[in-house]
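Biologist: I would like to learn how to read a few features of a structure. Could we take them one at a time?

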Amino acid sequence: MLSDYEAVAKLLENSGHAVVLTGAGISTESGIPDYRGPQGLWRKYDPIKYVSRSTFETDPKTFWEFNLPMWMQYKAAKPNKAHFLVAELERLGFIKAVITQNIDGLHKRAGSKNVYEVHGNLETVSCLRCHKEYPLEEAWKQFNDGNIPQCSCGGLLRPNVVLFEDPMPDTFFQAVREVESSDLMIVMGSSLEVYPVAQLPAMVPKLVVVNLLPTPYDDRAEYVFHESTGEFSEKLTSVLGIKLP
Ligand code: ZN
């Protein structure tokens, strides 16, 4: 009788095109708070107010005050064993890609190559007027000097993350094509409540869900693990006999 972890290893070995989909839960062990969990940020704050396009446009000072210190903390975070496992699964050919709702950049920093950051990332900000890009640190520097971050042309700088009221970026539609050709998806640390990303698991024949809390997809998954992505990664790593950095 195989353990569920051994069964997932078998699924990975037998799949032709597996992908991993990750959400905030994979980064909590790196010290980044999640949004919808029991201690989730959005139980305290209204995201529409603070992380929306309209607040950015009407009250950029509040927008940057709320988000920027938090984002700079995200950029100082380090990948954890779940990020390293995902990178290793790609390197060894078990998975083709990782699709993430996270903006923290931790998958790339753990070594993942084919990463779809469908909600954008914190590497750069860009000018609303001339589209010139700057590192996020430039916005941080201007903000600390008491200014609303601006381009040299005078246009407002905006973060390259998807805000409420923004359309989904091209990366999302590229991720949809990747998922359409997949036969297995492992969801790690997502409550699968945020659309349109939450529709992706419905497009894959075989599904494994790893999330602390139940998700709307638990019933149709082959295997469900209600545990942290760190615990899951430790078990799967040992079953696969691989070593993480
Ligand atoms: Zn500009």
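Biologist: Apart from its neighbours within four places in sequence, which residues is N80 in contact with?

Modeller: This is a predicted model. Contact here means heavy atoms within 4.5 Å. Once the neighbours within four places in sequence are set aside, N80 is in contact with I26, S27, E29 and S30. N80 itself sits in the loop between α4 and α5 (81-91).

Biologist: Is N80 buried or exposed?

Modeller: The cut-off for buried is under 20% relative accessible area. N80 has a relative accessible area of 10%, so N80 is buried. As for distance, the C-alpha atoms of N80 and P214 are separated by 23 Å, and the two residues are 134 apart along the chain.

Biologist: How is I48 placed, and what is I48 in contact with?

Modeller: I48 belongs to helix α2 (residues 47-50). Leaving out neighbours within four places in sequence, its contacts are T55, F164 and E165. The relative accessibility of I48 is 42%, and I48 therefore counts as partly exposed.

Biologist: How does one describe two packed helices?

Modeller: Two packed helices are described by the angle between their axes and the distance between the axes. In this model, helix α4 (residues 60-76) packs with helix α7 (residues 136-144) at an angle of about 130 degrees, and the axes are 11 Å apart. Angles over 145 degrees would count as roughly antiparallel and 65 to 115 as roughly perpendicular; α4 and α7 are therefore oblique to each other. The crossing in which α4 passes α7 is left-handed.

Biologist: Which residues make the contact?

Modeller: From α4 the contact uses W64, E65, L68, P69, W71, M72 and K75, and from α7 it uses L136, E137, A139, W140 and F143. Of the residues in the contact of α4 with α7, nine are nonpolar, three are charged and none is polar. W64 and W71 also belong to one aromatic cluster, together with F56 and F63.

Biologist: How many aromatic pairs does a search of the whole structure find?

Modeller: The search finds 11 aromatic pairs. One case is F172 with F173: the ring centres are 5.2 Å apart and the planes are at 80 degrees, so the pair is edge-to-face. The cut-off for that label is over 60 degrees.

Note on methods: Residues are numbered from 1 along each chain as its sequence is written. This is a predicted model: local features need pLDDT of at least 70, side-chain atom pairs count only at pLDDT 80 or more; totals for chains, interfaces and linings use all residues. Side-chain values use heavy atoms; hydrogens and water are left out. Rings of Phe, Tyr and Trp (its six-membered ring) pair if their centres lie within 6.5 Å; planes under 30 degrees apart count as stacked, over 60 as edge-to-face and the rest as tilted. Axes are lines fitted to C-alpha atoms, for helices over the stretch in contact, and angles run from 0 to 180 degrees between N-to-C directions. Helices (H or I, at least four residues) and strands (E, at least two) are DSSP runs, numbered from the N terminus. Angles under 35 degrees count as roughly parallel, over 145 as roughly antiparallel, 65 to 115 as roughly perpendicular and the rest as oblique. A crossing is left-handed if the near helix is turned anticlockwise from the far one by less than a right angle, and right-handed if clockwise. Ala, Val, Leu, Ile, Met, Phe, Trp, Tyr, Cys and Pro count as nonpolar, Asp, Glu, Lys and Arg as charged, and the others, Gly among them, as polar. Buried means under 20% relative accessible area, exposed over 50%, partly exposed in between (1.4 Å probe, protein chains only).
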